[in-house]
Amino acid sequence: MAELTTLESLLEMGFERNRAEKAVANTGNQGIEQAMDWLMEHENDPDIDEPYVPPVGTVLGGDAESQTSTEQPTLADTTEGGDMLYNEIDESSNQPMTEEEKLEQVKRLEELMRVKQAERRERERAEEVEREKHRRRQGQELQQIRQKLQDDDMKKLADQRRKEKMEDKMARQRVKDKIARDREERAQKFGGGGPQSAATSSQPAQPTPSSPTGQGPPPTKKEYDMSRIQVRLLDGSTITTVFKAQEPLAAVRVYVQVNGNTPEGQDFTLLSPYPRHVYTELDMEKPLKELGLVPSAVLVVIKK
C-alpha cells in the first residue's frame, strides 16, 4: 500500500492548501507530525492565510514513491503515548492507494491530530494555571509593599504629630513662664513702694520743687515675643496654639489647614470678631504683632 504525501495527507484532512504548503515548507517536508505541529502552533499567526510563494527548486509534494522513502521513518515512529501511527510499508509497491486505504490513513492522521490537540490544550491549561499562580504571587507581593508604605506613612505622621504636640506644649509652657515672670515683676514694682509711701505721708508736708508732673516718667510698654492664638473652626470646635510674635498670619492659616478639620480643597480666610475684621491675602504676610494679635487673640475660620 502506497502512502499519501505529507501535502496530500493535510489536504485530505481538510486543511487549506495555502496553510498545508506553508506547513510542509517550514518543516522541511519532514513528515505529517511535524507539519501538524507547525499548523497548530501557528494557526493564529496574522499572516497564516497570506499566499505562499515557494522558493525556486522547492518541491512540496513529489511522487508517492519518493515521498514515501523520505517520510517513512517519521510516519513509522511511535507517538509519545506509544501508539503506532502506521503499519510497515511495502516499499516495492508502486500501486496507487485505493479510496479505503486513503480513508484509513486519513482516520489515523485525524486521530493523531486529536491527540496532539488534546496535549496542546492540556499544556495550555497547565501554563494558564502557572500564570495565574504567578499573578497571585505578584499581587500578594504588591499588597505587602503597599501595606508597608502605608505603615511607614502612618508612623511618620504619628511622629510628626507627637513632635508638634511637644513643641506646642513647650511653647505654652514658655508663655506661662513669661506670664508668671511678668506678674512677679509687676508685684515687685507696684507692691514694694507701699511702706515707704506710708512713712512719707506721716511726715509734715514739705514744699517740693515744681515739676511738670508729680508721678515721674510713664511706665514702659511691655514687649511680647509670643502670641497665643485660639481658632474657631467651621464646625464650631476650637484649636489653640502659640506662635512667635514676628510670624506672619499665613502661619496660622497653614496650621489650621494641617490640624483643623477643614474639607480638602475648601478655600477659607480668617476673621477677627472684636473688632470685626476680615483678613485679606495682603494681611497674611504681616506679622502677628503688627496686626495686634499679641499676646493673645481669637480668630474665626470663614469660607471665602
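Reader: Is Lys-116 buried or exposed, and what is its relative accessible area?

Author: Lys-116 is buried, with a relative accessible area of 14%, where buried means under 20% with a 1.4 Å probe and protein chains only. The model is predicted, so local features need pLDDT of at least 70 and side-chain atom pairs pLDDT 80 or more, while totals for chains, interfaces and linings use all residues. Residues are numbered from 1 along each chain as its sequence is written, and side-chain values use heavy atoms, without hydrogens or water.

Lys-116 belongs to helix α5, a helix being a DSSP run of H or I of at least four residues. Beyond its neighbours within four places in sequence, Lys-116 is in contact (heavy atoms within 4.5 Å) with Glu-33, Asp-37 and Met-40.

At least two lining residues each come from α5 (99-191), β2 (238-244) and α7 (249-259). This pocket has a volume of about 520 Å³; a pocket is an open set of 1 Å grid points with protein on both sides within 12 Å along at least five of seven lines, and lining residues have an atom within 4 Å of a point. Among its 22 lining residues, Glu-164, Asp-168, Thr-241, Tyr-255 and Asn-259 are the closest to the centre. By type, the lining comprises nine nonpolar, four polar and nine charged residues, with Asp, Glu, Lys and Arg counted as charged, Ala, Val, Leu, Ile, Met, Phe, Trp, Tyr, Cys and Pro as nonpolar, and the others as polar.

Notes. 1 Å grid on protein atoms, 1.4 Å probe; cavity = no way out; pocket = protein on both sides within 12 Å on 5 of 7 lines; lining within 4 Å. Points joined across faces, edges and corners; volume = space filled by probe spheres on them. Buried < 20%, exposed > 50% of the residue type's maximum accessible area, 1.4 Å probe, protein only.
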